[in-house]
Amino acid sequence: MVSRQKIAEKVRALRKARGWTQAELSARLKLSQARLSEIESGSGSFTAEQFLEILKLFNIGVDHFATEKREPAAELQNTLARLGANQLQEREDLLPRKELEDVATALYEGLVSGTPRIITALAPVLVLHVDELNLNSVRAKLALVGLQRRLDWLIDNTLHAIQEELRRSPPRTRVQRYRRAELVLEAALDFSTEQRLPSPDSAPDILDAHIRTKATLQEVLASSSAISRRWRIATALQPQDFIHALRASLVSH
């Protein structure tokens, strides 16, 4: 975790190392000297745009601000919030790892996490960034850890959510976004789907962390959705959860 105070200290040190005054740095960042002074004292924070400008000005990476203590789950949540999952609360005192700047990496880590609120948040991220993603490469990476079915399951649920939302006659801007995502995701799901579908008697992919006994596993499988049964994913998540995530996130897009 990188605290606001720690960021302030590092920026102040970088400024002094360059021999710049607060007036000079504030001019480069297009903010007042009073505001920069407030930020350097730890009582304010930079905007995302100002922070990116700092990285450029001092020719450094995000890792320059990292400390030894990390919070991977919170970093991933912050990343997804910035990628459009607006229902997730972003922590201002936390900087995501540099690797998470890549949408495909965030998607991979979200699916591996097995955290329900993170996984449902991947639906709006898929819709908003569908043209940036190489889904086959994400699937191949998941295959290395035996979790490739999770991507197809996510795509299936996201498509269902898109189609349900389209029935509600959303604003035109969202319709265009939904239609594009629907086209790309259907193509991704249709390509050799029959070869990827698990057999009905294959071992389930146990997604939910609360599933710790065979009895709980059987209960979850018995109440799972048609999509989860199709991909043999053991989870209490239902298609409606992805619809809610999509609706909550894209309302401002």
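Of the 253 residues in the protein chain, 49% are buried (under 20% relative accessible area; exposed means over 50% and partly exposed in between, with a 1.4 Å probe and protein chains only). The model is predicted: local features need pLDDT of at least 70, side-chain atom pairs count only at pLDDT 80 or more, and totals for chains, interfaces and linings use all residues. Residues are numbered from 1 along each chain as its sequence is written, and side-chain values use heavy atoms, without hydrogens and water.

**Overall build**
- The protein chain has 14 helices and two strands, taken as DSSP runs (helices H or I, at least four residues; strands E, at least two) and numbered from the N terminus.
- Its C-alpha trace spans about 65 × 45 × 25 Å along the principal axes.
- Among contacts (heavy atoms within 4.5 Å) with a separation of 6 or more, 68% join residues 24 or more positions apart.

**Positive phi outside glycine**
- Lys-30, not a glycine, has a positive phi of about 60°.
- Lys-30 sits in the loop between helix 2 (22–29) and helix 3 (33–40) and is exposed because its relative accessibility is 75%.
- Arg-232 also has a positive phi, near 55°.
- Arg-232 lies in the loop between helix 13 (226–231) and strand 2 (233–234) and counts as buried because its relative accessible area is 19%.

**An exposed loop residue**
- Leu-144 is in the loop between helix 8 (135–143) and helix 9 (149–166).
- Leu-144 counts as exposed because its relative accessible area is 74%.
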